[in-house]
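Work through the exercises below on the pockets and cavities of one protein model. Try each task before reading its solution.

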Amino acid sequence: SMMNRGRRTRRNENVRRMVRETRLSKDSLIYPLFLEEGSDIKAHIDAMPGQYRYSPDRVHEIIDECLEHGINKVILFGIPASKDSVGTQAYDEDAIVQSGIRKIKEEYGDDIYVVTDVCMCEYTDHGHCGILNDKEVDNDLTLPYLAKIALSHVEAGADMVAPSDMMDGRIDKIRKSLDEAGYNNIPIMSYAAKYASAFYGPFRDAADSAPSFGDRRAYQMDYHNRREAIKESLFDANEGADILMVKPALSYLDIIRDVKECTNLPVAAYSVSGEYSMIKNAGKAGLLDEYKTMCESTVSIYRAGADILLTYYAMEIADAIKRGDIG
Ligand code: PBG
């Protein structure tokens with residue numbers, strides 16, 4: 001007789017759910033939100049069907065929608081009306097993200113947890129993530145700017161900052177500047193292992209942040225490398241990061257697992273614009289079932305070791321968990 005029958009624990013939904021190894025919660029989902037300077041704006045992002053840019057006066061529409069689905073965490077990106085070489089609109093106290101945060105916090109207070117993306121690429125006229133020296137992004141020159149951006153977000157009311165620039169030493173710099181200003185309780189979620197990726201394509205349309213020359217390979221990571229992700233993660237952990245992020249997610253499941261195993265910090269994964277748009281558009285074209293593909297790919301990210309997921313599908317995933325289709 002056969003002793004080993006794997007199918008015994010797959011016979012019906014009850015037993016399948018009992019032996020499930022990966023459990024999901026909507027509490028771990030963060031929804032990325034694009035804020036555009038101006039008023040009365042709800043502009044569809046064509047590269048990301050179903051996603052919109054909102055001006056601060058209309059941002060309550062999308063936040064209400066999030067809360068209805070049980071999503072109470074957002075990460076904010078800003079689209080300023082003007083750009084310059086030093087990204088002034090990234091740290092001006094009345095700039096788009098700062099005024100957006102104040103608006104959101106006035107209306108919702110602690111009902112919504114506000115994370116901000118700290119970077120310069122949406123605010124510089126050259127589209128790079130830092131200050132240029134000749135044609136190169138100057139790491140050390142950029143650090144004080146990043147610290148200034150992070151501090152301005154926190155002063156406006158942000159609950160957490162998430163630097164995505166990939167400059168060396170930025171976590172240390174941001175941590176010290178927040179602490180000196182009395183914000184030692186504000187956590188930093190570091191984009192620790194951020195790869196130079198074609199999957200950011202739709203985002204760069206959404207945020208108008210494509211570099212005007214060259215690419216980001218001199219600061220974002222080379223996708224051939226795995227151990228380097230551990231190196232980067234340990235750097236950031238040692239500098240005081242509270243959460244480590246891997247980005248993108250789907251082509252980087254091995255990296256998520258590696259980072260999970262090399263630290264005791266919570267691990268976040270960012271399922272980026274290209275991942276969203278691929279599934280969305282393949283679904284629209286009738287090539288695959290959008291909902292089922294979303295469910296399967298989401299679970300794979302958690303199965304790899306993610307504790308937290310940043311995703312444009314946050315609301316749909318929360319619904320899927322509630323229905324019991326996943327989690
Ligand atoms: C940089 C930043 C980017 C994303 C998040 N933060 C773009 C980039 O590095 O080019 C990408 C997010 C996505 O593709 O969904 N500010």
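The model is predicted, so local features need pLDDT of at least 70 and side-chain atom pairs count only at pLDDT 80 or more, while totals for chains, interfaces and linings use all residues. Residues are numbered from 1 along each chain as its sequence is written, and side-chain values use heavy atoms, with hydrogens and water left out.

**Exercise 1.** Describe the largest pocket by its volume and its lining.

Solution. 
- Step 1, terms: on a 1 Å grid over the protein atoms alone, a pocket is an open set of points with protein on both sides within 12 Å along at least five of seven lines, a cavity is a set of points where a 1.4 Å probe fits but cannot get out, and lining residues have an atom within 4 Å of a point. Grid points are joined across faces, edges and corners, and a volume is the space filled by probe spheres set on the points.
- Step 2, volume: the largest pocket has about 350 Å³.
- Step 3, lining: 13 residues line the largest pocket, and R20, E21, T22, V299 and R303 lie nearest its centre.
- Step 4, source: helix 11 (residues 290–304) gives the most to this lining, with four residues. Helices (H or I, at least four residues) and strands (E, at least two) are DSSP runs, numbered from the N terminus.
- Step 5, classes: the lining of the largest pocket has four nonpolar, three polar and six charged residues. Here Ala, Val, Leu, Ile, Met, Phe, Trp, Tyr, Cys and Pro count as nonpolar, Asp, Glu, Lys and Arg as charged, and the others, Gly among them, as polar.

**Exercise 2.** Which residues lie nearest the centre of the second largest pocket?

Solution. 
- Step 1: the second largest pocket has a volume of about 250 Å³.
- Step 2: of its 13 lining residues, N139, M166, D168, A218 and Y219 lie nearest the centre.
- Step 3: strand 7 (136–137) and helix 8 (227–238) each supply at least two lining residues.

**Exercise 3.** How many cavities of 30 Å³ or more does the structure hold, and what lines the largest cavity?

Solution. 
- Step 1: there are three cavities of 30 Å³ or more.
- Step 2: the largest cavity is lined by 19 residues, with C121, K194, Y200, F203 and K247 nearest its centre.
- Step 3: strand 9 (189–194) and helix 7 (201–206) are the elements that give two or more residues to the lining of the largest cavity.
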